[in-house]
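Visitor: Hi! Could you walk me through this one while I have it open on my screen?

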Amino acid sequence: MLDVTATAADSAMGVDVSANPTNMPDLDTAGKQSKKPRKNNTQAERLNNWRAFRDAYLDELLRFEGTGTATGCIPTCSKHACLPLHRIQRFNGKFYEHTTLRDAGQIIQLGHDGGPCSHPGRQCRTFVVVDTSGFHEVHLRFCSCLHEEGFISTWAQLLRVGWFPASGERPSTAFTFNVLNFFHQLNHQAKTNLHDFQQTLNHVTDNSGIRSWDRSRPFSDVRGGQGHDPDGVDATQEGALAVECPACPQPDRNLPDDWQSAAEVWLYTLFLMVDANFRLRLKDRGFNDTHLSSGWAYYVNEEKFQTHLTTHHATFGDHNENSTCSAEHKAIINANLKKDGYIASGVAAILCARHMLVRPRGVGDLQKGESKNFNKRISDFPPHMQIDFDQIVLRWGIPKKHIAVHGPNHSKFSFNYLPNVGRTYGEGIESSWSHMNPVAMSTREMGSGARHETLDDHWGAWNWSKIVNFGPHFARSLKRAHDMSIKHQAIFEEYTATFKPEMIAQWTKLMDEWKQHPGIQPDPFEAPELKLEEQQAILIARSKGRKTATELATLHEKHTLHSRRIELWRKIQEVYMPIVGSLLAQ
């Protein structure tokens, strides 16, 4: 006998008779199973039908995780009564061959925590159970005992033994909680799609290729939810299922009572970053999908979002927005592109810039490129989204990697020079897309509701992984910041000592004046040497790879011009930075 897996849920092959949580039994009073014609409903119709029962499903899931179900074998049961998903072999006289406990005559009786049932169902059903050990065909009977408050629905009996039914009406397939949790984590970590996971289970079950199993459709209908709300699932507030950043400033949670009157109130600044991703598109496949948790996590409420888009389009029409930025960035160049055959051309997301967690209700589908002119557009937002600028000070910054492509006269937006921003990088949202892009190929083929909830699920996993790493990450960052602060302070003081105090005072005055009026005063950071360094880096990058004769001639001309500019700058350095001469000589 070969023991592959046995979950704790396998040991509870029955449930106590209790009140029917849905008052909709599918067993008649005689214990005979009622026969209902199967309906060939669409996925949206099945989900809408299930929506009425999700409070009862949630109650059963919480009951299973709590103390409502015994999960241990009763002393009188045999070993395989507690382990119905064991894979066994039998000797046929020549060799050991694979067989099943069903073929050996095992019948699983649900109800009464594995004890005897006084009114078992008359019909023995052939049932498919999906576990991490593969697909299992079992024989089972449902309990048809009549409680004073009604029968126990078949799907409730399955949930109480740790098997999630694929359907609420005459289920014939169920998934163990073990396999659902395993796929959930595997999908987050390895981005394994449902098809590949199902094929893996096929090979685990029978690698000969003689038989194949297809249980992907009911598997994909399994969704998540929230529990312990006395008002039920429908009372879930927008954004309530999102994993919030505990390190970002949140009044009445992690800030002192007098934070608004603090001398260094800038310490409680909330840093946000926004970016668009054009890989996370959605094809228009004509699906009539439904949303089970619209607006409950990271995506905005789809109905309200579409209403706003319709109203905005009716008011302002469909016009292209010309960019006034000098940056030659792909996202800006393609800002007004819309792919034919796609419902959404991508997504826009808001993350906290210091800790890289996706904000609750901080994601929306793009209809056409990236949006700009925020201050102008905000006046068209719904009233509850308006910003009171008398209460909130809003500053804009350009992340450090992107600042180079925005050209001159952008120092006032640089995180290198903005006051009270620390060493904020602001580019973390770019690396966060590496977590989401691997699922783009599968989500673009989904319906709108399934796609939103799948992406919400992955963003939840991203946020949680960040939080559990906060401790060691902050400890390393604090130590490095302390060491680098001491090092750079010493370098700064040593370099400052090479200049006369009058010169330092003059430069300090220029800096202070520019900080007070950055758009009027000359930019002290637009220094010739910085431009020369940037131009040199560009020339080096363009010199790589094979070039045509014309390209080589152009590069040679630019190199010559750049060398002359460096010679002129050296003469200026000799006047204002006399120490440079000795350094060059060395």
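Visitor: Great. What kind of model is it?

Guide: It is a predicted model.

Visitor: And how many helices and strands does the protein chain have?

Guide: The protein chain has 18 helices and 12 strands. It runs to 586 residues, and 35% of them count as buried.

Visitor: What share of the contacts comes from residues 24 or more positions apart?

Guide: Taking contacts in the protein chain with a separation of 6 or more, 71% are between residues 24 or more positions apart.

Visitor: Let's do the strands. In which sense do β1 and β2 pair?

Guide: Antiparallel, over four bridges, with β1 covering residues 88-91 and β2 covering residues 96-99.

Visitor: Okay, on to the five-strand sheet. What's the strand order?

Guide: The order is β3-β5-β4-β7-β6, in an open sheet with mixed pairing. At the edges you find β3 (108-109) and β6 (163-165); each has a single partner strand, so one side of each has no neighbour in the sheet.

Visitor: How does β3 pair with β5?

Guide: In the parallel sense, over two bridges, where β5 is residues 134-141. Ile 108 has Leu 140 in β5 as its bridge partner.

Visitor: Which helix lies across β4 and β5?

Guide: That is α6, residues 194-205, and it runs at about 75 degrees to β5.

Visitor: Now the three-strand sheet. Which strands are in it?

Guide: They come in the order β8-β11-β12, forming an open sheet with antiparallel pairing. Here β8 (272-277) and β12 (358-366) are the edge strands, and because each has a single partner strand, one side of each is left without a neighbour in the sheet. On average, neighbouring strands of this sheet are turned by 20 degrees against each other, ignoring direction.

Visitor: How many bridges join β8 to β11?

Guide: Six, with β11 spanning residues 346-352. Asp 275, for instance, stands opposite Ala 349 in β11.

Visitor: And which helices go with that sheet?

Guide: One is α11 (residues 428-436), which lies across β8 and β11 and runs at about 45 degrees to β8. Another is α13 (residues 448-468), which packs on the sheet and touches β11 and β12. The direction of α13 makes about 145 degrees with that of β12.

Visitor: Switching topic: I clicked on Thr 443. Is that one buried or exposed?

Guide: Thr 443 is buried, because its relative accessible area is 0%, and the cut-off for buried is under 20%. The residue lies in helix α12, residues 440-443.

Visitor: What is Thr 443 in contact with, leaving aside neighbours within four places in sequence?

Guide: Leu 280, Leu 282, Arg 451, Thr 454 and Leu 455.

Visitor: Which residues line the largest cavity?

Guide: The lining is made by His 291, Ser 293, Ser 294, Gly 295, Tyr 299, His 452, Glu 453 and Asp 456.

Visitor: How do those lining residues divide by type?

Guide: Five are polar, two are charged and one is nonpolar.

Methods:
Residues numbered from 1 in each chain as written. Predicted model: local features only at pLDDT ≥ 70, side-chain atom pairs only at ≥ 80, totals over all residues. Heavy atoms only, no water. Pairing = 2+ DSSP bridges. 1 Å grid on protein atoms, 1.4 Å probe; cavity = no way out; pocket = protein on both sides within 12 Å on 5 of 7 lines; lining within 4 Å. Nonpolar A, V, L, I, M, F, W, Y, C, P; charged D, E, K, R; others polar. Buried < 20%, exposed > 50% of the residue type's maximum accessible area, 1.4 Å probe, protein only. Contact = heavy atoms within 4.5 Å. Axes fitted to C-alpha atoms, helices over the stretch in contact; angles between N-to-C directions.
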